[in-house]
Amino acid sequence: MKKIEAIIRTGKFEQVNKALSKTSCKFMTTMEVRGFGKETIKSQSYRGTTFDVGFIPRTKIEIVCKDDELEEILTAIKENSKTGEVGDGKIFVSDLISAYRIRNEDRDNDAL
């Protein structure tokens with residue numbers, strides 16, 4: 001099993017979500033996050049004082065999938081979140097040791 005964590009532009013979420021619905025992705029968790037990276041954090045001036053706008057808003061998607069579903073899901077995320085500009089985001093993939101369904105105590109792939 002794999003865990004996919006993708007941080008993408010919030011404006012690309014609907015497009016990615018639509019693409020994921022056509023894959024073997026059965027469920028996902030999303031959250032609004034804020035952060036910074038290589039994309040420049042802009043500052044604004046107001047009455048002679050400069051203010052940092054702060055962290056940049058992004059959407060984080062978390063998906064747990066079977067090993068054989070990984071490439072299909074990654075392709076959907078990459079192809080639908082890419083603009084070619086700095087700030088498109090990151091995808092992290094990690095091995096998942098175990099998963100449990102609380103309702104009936106299914107384990108691992110059966111829990112997905």
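Colleague: What should I know before I start?

Modeller: This is a predicted model, where local features need pLDDT of at least 70, side-chain atom pairs count only at pLDDT 80 or more, and totals for chains, interfaces and linings use all residues. Residues are numbered from 1 along each chain as its sequence is written, and side-chain values use heavy atoms, with hydrogens and water left out.

Colleague: How many helices and strands does the chain have?

Modeller: Start with the definition. Helices (H or I, at least four residues) and strands (E, at least two) are DSSP runs, numbered from the N terminus. Here the chain has two helices and six strands. Their order from the N terminus is β-α-β-β-β-β-α-β.

Colleague: What share of the residues counts as buried?

Modeller: Buried means under 20% relative accessible area, exposed over 50%, and partly exposed in between (1.4 Å probe, protein chains only). Of the 112 residues of the chain, 31% are buried.

Colleague: How do I read the sides of a helix?

Modeller: An α-helix has 3.6 residues a turn, so residues three or four places apart point the same way. Now look at helix 1 (13-20). Its buried residues are Phe13, Val16, Ala19 and Leu20. They cover an arc of only 130° around the axis, so they sit on the same side of helix 1. The arc is that of the directions from the helix axis to the C-beta atoms. On the other side of helix 1, Glu14 and Lys18 are exposed.

Colleague: What do the buried residues of helix 1 pack against?

Modeller: They pack against strand 1, strand 2 (29-35), strand 5 and helix 2.

Colleague: Which residues of helix 2 are buried?

Modeller: Leu70, Ile73, Leu74, Ala76, Ile77, Asn80 and Ser81 are the buried ones in helix 2. Their arc is only 160° around the axis, which puts them on the same side of helix 2. Glu71 and Glu79 are exposed on the other side. The cover over the buried residues of helix 2 includes strand 1 (2-8), helix 1 (13-20), strand 5 (56-65) and strand 6 (89-95).

Colleague: How many disulfides does the structure hold?

Modeller: A disulfide is a pair of cysteine sulfur atoms within 2.5 Å. The structure holds zero. Cys25 is in none, and its nearest cysteine sulfur, that of Cys65, is 7.9 Å away. From the side of Cys65, the closest cysteine sulfur is in Cys25, too far for a bond.

Colleague: Are Cys25 and Cys65 buried or exposed?

Modeller: Cys25 is buried, with a relative accessible area of 16%. Cys65 is buried too, at 1%.

Colleague: How do I read empty space?

Modeller: Rolling a probe the size of a water molecule over the atoms shows where empty space is left. On a 1 Å grid over the protein atoms alone, a cavity is a set of points where a 1.4 Å probe fits but cannot get out; a pocket is an open set with protein on both sides within 12 Å along at least five of seven lines; lining residues have an atom within 4 Å of a point. Grid points are joined across faces, edges and corners, and a volume is the space filled by probe spheres set on the points.

Colleague: How many cavities of 30 Å³ or more are there?

Modeller: The structure holds one. The largest cavity has a volume of about 70 Å³. Its lining includes Cys25, Cys65 and Ile73. Strand 5 gives the most to that lining, with three residues.

Colleague: What lines the largest pocket?

Modeller: The largest pocket has a volume of about 370 Å³. It is lined by 16 residues; Phe36, Gly37, Gly87, Gly89 and Lys90 lie nearest its centre. Strand 2 provides the largest share of the lining, three residues.

Colleague: What about phi?

Modeller: Most residues other than glycine have a negative phi. Glu105 has a positive phi of about 65° although it is not a glycine. Glu105 lies in the segment after strand 6 and is exposed, at 66% relative accessibility. Asp108 also has a positive phi, near 50°. Asp108 is in the segment after strand 6 and is partly exposed, at 26% relative accessible area.

Conventions:
Contact = heavy atoms within 4.5 Å.
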